[in-house]
Amino acid sequence: ENDNDIPETGAVFTFGQSKFSNNVPGKFWVRNDEVVDVACGEEHTVLVAASGRVFTFGSNTWGQLGLCHNNNQDKPSCIKALKTQGESCHLVACGRNHTLLATQSGRVYGFGCNSDNQVSPDNCESFNSPTLVDELDQHDWLQLAAGSDFSVALSRTGELYTWGNNDEGQLGLP
């Protein structure tokens, strides 16, 4: 592989301390599919390709990679569970140890640490596969955001949803 093999668009470059490429600068791309969104948590990275496929790598202690197991991944791996459900993603956000995805169908999925209900109000410590956030209606999602232990979703019509830890008032609720 040489630099001439790198596509003009869609390549992702990594640097700094990372589980990817044994902590040395690296690069990758999704063959014939441009990367359109990237998010990083404390020790994990998630990217969305133009086709709607989602790739994750890094630490997976809480299942924050959404791969239906808790093994760390040092190379990008596709979340196959979303394809099985017929979902195509377009947005991603990462908290410290959790991940949120918005799909073209208007749904939001989450996985990873749920200690403060930042993924779902279900009484579960963590989810290692994409879990539908049932409490959210379907919307055309404009943006997702995630703090260390809370989550935010903004619809194109301006509706703002927040959930998770509110100890410091970060949800904007009384």
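Predicted model: local features only at pLDDT ≥ 70, side-chain atom pairs only at ≥ 80, totals over all residues.
Me: In what order do the elements of the protein chain run from the N terminus on?

Reply: Helices (H or I, at least four residues) and strands (E, at least two) are DSSP runs, numbered from the N terminus. Here the protein chain has one helix and 13 strands, in the order β-β-β-β-β-β-α-β-β-β-β-β-β-β.

Me: Which residues have the most contacts inside the largest nonpolar core?

Reply: In soluble globular proteins, nonpolar side chains tend to be buried together. A nonpolar core is a set of buried Ala, Val, Leu, Ile, Met, Phe, Trp, Tyr and Cys residues joined through side-chain atoms within 4.5 Å. The largest one has 17 residues, and those with the most contacts inside it are Val46, Val54, Ile79, Leu82, Cys89, Val92 and Leu101. Strand S4 (44–49), helix H1 (80–84), strand S7 (89–94) and strand S9 (108–113) each supply at least two residues of this core, and S7 gives the most, with three. Apart from it lies another core, of 11 residues, among them Leu91, Leu100, Leu136 and Leu144.

Me: What does Val92 touch, once its neighbours within four places in sequence are left aside?

Reply: Contact means heavy atoms within 4.5 Å. Val92 is then in contact with Asp37, Val38, Ala39, Val46, Val48, Thr99, Leu100, Leu101 and Leu144. For the protein chain, residues 24 or more positions apart account for 40% of the contacts with a separation of 6 or more.

Me: How many aromatic pairs are counted?

Reply: Rings of Phe, Tyr and Trp (its six-membered ring) pair if their centres lie within 6.5 Å; planes under 30 degrees apart count as stacked, over 60 as edge-to-face and the rest as tilted. The count comes to one pair. Trp141 and Tyr161 form it edge-to-face, with 5.8 Å centre to centre and 75° between the planes. Trp141 lies in strand S11 (residues 141–146) and Tyr161 in strand S13, so the pair ties together parts that are 20 residues apart in sequence. Tyr161 is partly exposed, at 22% relative accessibility.

Me: Which strand is joined to S13 by bridges?

Reply: Two strands pair if DSSP finds at least two bridges between them. Five bridges join strand S12 (residues 150–155) to S13 (residues 160–164), and the two run antiparallel; one of the bridge partners in S13 is Gly164, facing Phe150. S12 and S13 form a hairpin with four residues between them, and Gly158 in the turn has a positive phi of about 95°.

Me: Where does Cys68 lie, given its positive phi?

Reply: Cys68 has a positive phi of about 70° although it is not a glycine, and its place is in the loop between strand S5 (54–58) and strand S6 (73–78). Asn117, also not a glycine, has a positive phi near 60°, and lies in the loop between S9 and strand S10 (126–132). Cys68 is partly exposed at 46% relative accessibility, and Asn117 is partly exposed at 31%.

Methods:
Residues numbered from 1 in each chain as written. Heavy atoms only, no water. Buried < 20%, exposed > 50% of the residue type's maximum accessible area, 1.4 Å probe, protein only.
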